[in-house]
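Reader: I'm new to reading protein structures. Could you walk me through this one, a bit at a time?

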Amino acid sequence: MSRVCNKKPSVCTDEPLSNDEICHRLAVMLHVLSSCYGPRGRLKQIHNNVGGNFHSTSTSSVLIRAVTFSDPLLKLIAAAISDHTARFSDCGLFTGVFCLGLIENARRLGLRSAVATRVYKYLLNECNRYLSADDCGCKVQVDFSSVRSLVTLAHTVVTSKPACMLDSDESQHIASLTVQAFLQSVPSASSNVFGKTLVVAVEGQPVRDSAVFPGLLVEVPILQSVDLNRSPGPYKIVLFSTSLSGDCSEIGEAALEIQVGINPEMVVLEQLLKLGERVVHDGVEVFACQKVIHPVLQQYLKERGLVVIERLGLALMEPIAQMTGALIMASICSPVPAKAYGQIRGLHLHRIGSKEHLQLLPFGEAAVNTMVLCHRNETMLEELKVTCQRAEHVLRLTLKEPYALIGGGCTETVLSGYIKYTVENKVSEAASALKCSHTEFLLATEAFCCSLQSVALSLAHKDQHFLKDLTHAHCWVTEKDAHSQTTAMHLCSCGLVKERADLEKIFFNIPLNTAHLSFLPAPIKPDVQPRLLDSFTAKLNALNVAAETANLVLDARIFLLGAPDCTTGGLKTGD
Ligand SMILES: [Zn+2]
């Protein structure tokens, strides 16, 4: 019996941003994302409606993947954030908070959307120009001769994810391991293939047991102890992707023609043993297979001193092939060609928690390593795994552009200060080029700068107050009473500016406006390293994605939400 659904008419929404319901949803999304932002962000509990485990996170990519958005505008913003994090790993929350801030502030200040989009585009170009300039006050060069700035970059990513539940020593340990894994995966001058870092997650062990191992770690059954008393390496390895279980049912769709009196299982086993004989003859010492190996073949190989590894799984095949130089054998019928054998430098056995892992050491210059991450429970371990992979990606981005941006909200306040001061000095020229009045141009600039500052403000939570100094436009955090400036602050948020008597500061929490702040942020001659650094490449892209997405949303005129047989809604934009 087929189900009959009445076809509903399509829903057409005119001027979506004048719809209170839609604006409320945008405000809720802004609140959810901004409340996750930074080291003191509030965690979100995710639990799907068909049961399953609770998951705690403040990571934008995990959050957005878990939430279903019904509104086309929200879907558009969520897709922009997901696409950004898929490519750059970091600054997903920044993208969302800045984008939604631009939309909300344009509405709050009553700007015509056509004007807002034109001015936002102009200001975005000014930001890109400033951030790309050599004298940009928010940018520092990543010094590859020392690991300090790399560790700071990784540490900023790790500490910005409170769901990892790390204390300060643990954060430092994880940041150092991430840098170690990154450095080990950088290829040598003679090789142009970037290495791989595989992650092995171990639940129930303390975080300090986490470590990085060169080569690959493969879990082996604890009862089948591996005999490693052998001559020093290198060892020859053979790698199979096909099942060696001898089970005829795994042949697939092919038809088998069997003569009377012949047992197909025995024939396959004979074939497997011939293969075993061949590899033993060829001097192979490690026999590895993605799937199951027949127990008789395993016994045969072990008796002849070979290390047998089965059930490797698909994920490990490529890295092992890359590391050893072995060709992946997909058949047992042909003899193994000499060029299919790979090499490993050595083997070690490690006991991690209750599991035993065999370490395959790389031969030659293959930059493959394994990061063992330990944590107390599954949900923290999952967040830690995502965080470390993202931190390593952020480090890789520095190879493309060796810069970092100062963190802790200072980049946002400096950039906002710079943009406000610079464009106010060319209002007439810019307003006439953008075909708007002076007032409109200044209001749109106000909306843009407020949105930047509100990203910095999202770092503040409950008992904190943010200040901005009126010399360098850096961000300062105090945990005391909002009307008292007596709290001792020795450094600004990013750690570049030191406290001194002549540094005047203002609160910028409430009210959120920048009207009285128009000055060119003075350059700093730092004698210290910033203690917080963000990825330059990721944040620059996030800034662009956020402003472009906000412009697209502000430009949306009509929604066409399809009937049930028309699965996707449409969006029409234009003046
Ligand atoms: Zn600072």
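Reader: Among contacts in the protein chain between residues at least 6 apart in sequence, what percentage join residues at least 24 apart?

Author: Quick heads-up: this is a predicted model. The contacts to look at here are those between residues at least 6 apart in sequence. Of these, the share joining residues at least 24 apart is 75%.

Reader: Okay, and what is the chain built from: how many helices and how many strands?

Author: The protein chain has 575 residues, and 42% of them are buried. Its secondary structure comes to 15 helices and 21 strands.

Reader: Which residues have the most contacts inside the largest nonpolar core?

Author: In soluble globular proteins, nonpolar side chains tend to be buried together. Here the largest nonpolar core has 151 residues. Those with the most contacts inside it are I77, L102, Y120, I237, V238, V286 and A444.

Reader: Let's pick V238. Leaving aside its neighbours within four places in sequence, which residues is V238 in contact with?

Author: V238 falls within strand β8, residues 235-240, and is on the list of residues with the most contacts inside the largest core. Skipping neighbours within four places in sequence, its contacts are V279, V284, F287, A326, M329, V336, A340 and Y341.

Reader: Is strand β9 largely enclosed or largely open?

Author: Strand β9 covers residues 284-289. Six of its six residues are buried, so the rest of the structure leaves β9 largely enclosed.

Reader: What about H294: is it buried or exposed?

Author: H294 is found in the loop between β9 and α9. Not counting residues up to four places away in sequence, H294 touches L244, S245, G246, L269 and L272. The cut-off for being buried is 20 or more C-beta neighbours within 10 Å. H294 has 20 inside 10 Å, so it counts as buried.

Reader: How do α7 and α11 lie, roughly parallel or oblique?

Author: The axes of α7 (residues 168-185) and α11 (residues 378-400) come within 9 Å and cross at roughly 50°. The crossing is right-handed, and I174 and T178 are among the α7 residues that meet α11. Roughly parallel would need an angle under 35 degrees. α7 and α11 are therefore oblique.

Reader: Last one! In the open sheet of three strands, which are the edge strands?

Author: The order in this sheet is β17-β16-β18, with antiparallel pairing. Each edge strand pairs on one side only, and these are β17 and β18.

How values were computed:
Residues numbered from 1 in each chain as written. Predicted model: local features only at pLDDT ≥ 70, side-chain atom pairs only at ≥ 80, totals over all residues. Core = buried A, V, L, I, M, F, W, Y, C linked by C-beta atoms within 7 Å. Buried ≥ 20, exposed ≤ 12 C-beta atoms within 10 Å, placed from the backbone. Contact = placed C-beta atoms within 7 Å. Helix = DSSP H or I, 4+ residues; strand = E, 2+ residues; numbered from the N terminus. Pairing = 2+ DSSP bridges. Axes fitted to C-alpha atoms, helices over the stretch in contact; angles between N-to-C directions. Parallel < 35°, antiparallel > 145°, perpendicular 65-115°, else oblique. Left-handed = near helix turned anticlockwise from the far one by under 90°.
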